[in-house]
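Could you walk me through this structure, one selection at a time? I have it open in a viewer and would like to know what to click on next.

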Amino acid sequence: MALRKITTMGDECLSKVCRPVKDFNKRLWELLDDMAETLADANGAGLAAPQVGILRRLCIVVDQDTDEIIELINPEIVSQSGEQTGLEGCLSVPGKWGIVTRPYTVRVRAQDRFGDWFEVEGEEITARCFCHELEHLDGHLYVEHIDHFLTEEELRAYMDEEEAEDSE
């Protein structure tokens with residue numbers, strides 16, 4: 001396994017539509033393992049292949065309930081419901097945060113590293129991550145959903161408010 005360089009906003013590969021994965025082989029498995037190591041090193045919640053310069057339809061998301069990594073190859077959202085509005089950031093937009101509205105529950109159909117199809121459902125942060133990472137595969141960033149980046153003061157106030165709600 002190896003750490004991969006995370007591309008940042010402005011890099012051309014982040015605005016391109018990714019091609020489907022067709023070969024489920026050792027190269028794919030190494031990429032998935034490298035992405036997992038890179039994600040852990042960056043302390044992130046999800047990572048898409050274009051964020052490491054690979055224009056293929058695959059991403060990984062940390063399941064917030066189990067801390068397990070969910071590998072999603074050729075993923076598509078099959079259903080979504082509810083709504084949540086919350087803080088969002090991105091490893092490709094370091095140090096910047098915005099408020100984004102996403103579905104509360106998201107169900108994704110994808111292939112695993114061996115090519116077998118499965119479905120997985122997530123709520124709250126996991127659902128947010130599914131949407132965020134799948135958008136990367138179509139060349140989009142969360143910044144398209146925000147009206148501005150939060151200032152340090154706005155971020156601090158938001159975090160304080162969330163902490164106060166959690167302690168109630």
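**Stop one: the cysteines**

Start with Cys90: its sulfur is 10 Å from the closest cysteine sulfur, in Cys129, which is too far for a bond, as a disulfide is a pair of cysteine sulfur atoms within 2.5 Å. Cys90 is also buried, with a relative accessible area of 11%; buried means under 20% relative accessible area, exposed over 50% and partly exposed in between, using a 1.4 Å probe and protein chains only.

Before moving on, note that this is a predicted model: local features need pLDDT of at least 70 and side-chain atom pairs count only at pLDDT 80 or more, while totals for chains, interfaces and linings use all residues. Residues are numbered from 1 along each chain as its sequence is written, and side-chain values use heavy atoms, leaving out hydrogens and water.

The structure holds 0 disulfides. Select Cys59 next: it is in no disulfide, and the nearest cysteine sulfur, that of Cys18, is 9.6 Å away. Cys59 counts as buried because its relative accessibility is 0%.

**Stop two: helix 2**

Now select residues 124-136, which form helix 2 (helices are DSSP runs of H or I, at least four residues, numbered from the N terminus). How many of its 13 residues are buried? The count is 11, so helix 2 is largely enclosed by the rest of the structure. Among them are Cys129, Phe130 and Cys131.

**Stop three: charges over rings**

Finish with Arg109, whose charged end sits over the ring of Trp117, 4.0 Å from its centre. Lys96 lies over the face of Phe149, at 5.5 Å from the ring centre. Such a charge has NZ of Lys or CZ of Arg within 6 Å of the ring centre and within 35 degrees of the ring normal.

Technical notes. Helix = DSSP H or I, 4+ residues; strand = E, 2+ residues; numbered from the N terminus. Expected span 1.5 Å × (residues − 1).
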